[in-house]
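Let's take a walk through this one together. Have a look at the fold before reading on.

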Amino acid sequence: MVWWRFNQYFNIFVFSLSEEDNLLSQWRSYTPHGKGVSIEIAPHVLKLIVAANRLKLGKCLYTDEDHSQVLLSLFEHLWGCYAQVEVKPVTTHAFRDFFQSKRGTILEALSLVKHGAFSEEREWRLIQCHDDQSEKISFREGPTMLIPYTKILIGEERRPFKSIRMGPSENPDLALASLLRFVGQNQLAQSVIRSHIPYRKL
C-alpha cells in the first residue's frame, strides 16, 4: 500500500443551504439566541449566483446507499480519466500528480457525504474549489481560530432575497419592527416573516 500527502495548499469552501426554513434544531445550533434569521433565495437567483461565482450546487447525501453510489460514481469517473492518460503513471510521484490534478473533483464529491443524523436539515451546498490563491481569501474570527472564507457575488438587483424569516426572540414585536426597517432601507427582500416557535434560552 502506498501513502502520500498532497504538498500544495488546496482550498474548498462550502456555503450551506437548507430546504427547511424554520426548524428549532437549526435555530438552536446555527444562530445566536434571539438574533437569527433565515434567508429564502428564489431558485432563479440561486442559479445566477452559481453561474456568476463558478460554484457547484449539490444535495447532501445521508444514507449508506447514497454514500456508496457517490463513491462508485467517483471511482468510475477517476478510472475513465486514468484510461485516457496516454503515458500511464509508473512511479509513486506520477500517481500522486494524477490524483492531485483531480483533487477538486474528489473533494466536491466527498463534501456532499453527511452522517444520517443530520438528515432533518435537508441540506444543499454551494461548493468552491481552487488552488491556493491568497488574494481571494479573507478571514473572520471563529470560536477558537481564524476562519478563512471567500466572498461571492449575489448580483445588484433590488430585493435579491425572496423572504427573510426572523427567528425566535424574547422581544418578537420589537425585533420584527427593527428587522423590517433594516430590510426596507437596504432593499434586501420581498417580504419579512417571523417564526412562531416558542423557544427560550434559560
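What should the 20 residues of helix H3 (residues 64-83) span at 1.5 Å a residue, and how far apart are its end C-alpha atoms? The expected span, 1.5 Å times one less than the number of residues, is 28 Å, and the end C-alpha atoms are 28 Å apart, which agrees.

A word on what you're looking at: this is a predicted model, where local features need pLDDT of at least 70 and side-chain atom pairs count only at pLDDT 80 or more, while totals for chains, interfaces and linings use all residues. Residues are numbered from 1 along each chain as its sequence is written, and side-chain values use heavy atoms, leaving out hydrogens and water.

Back to H3. His67, Val70, Leu74, Leu78, Cys81 and Tyr82 are buried there (under 20% relative accessible area with a 1.4 Å probe, protein chains only). Down the axis of H3, these buried residues fall within an arc of 115°, so they line one face of the helix. On the other side of H3, Glu65, Glu76 and Trp79 are exposed (over 50%). The cover over the buried residues of H3 includes H4 and helix H5 (103-110).

Now for the sheet. It's an open one of three strands, in the order S2-S7-S8, with mixed pairing (two strands pair if DSSP finds at least two bridges between them). Strand S2 (37-40) and strand S8 (192-194) are the edges, each pairing on one side only. Strand S7 (residues 163-166) runs parallel to S8, with three bridges in that pairing; Arg165 has Ile193 in S8 as its bridge partner.

Technical notes. Helices (H or I, at least four residues) and strands (E, at least two) are DSSP runs, numbered from the N terminus. The arc is that of the directions from the helix axis to the C-beta atoms. Contact means heavy atoms within 4.5 Å.
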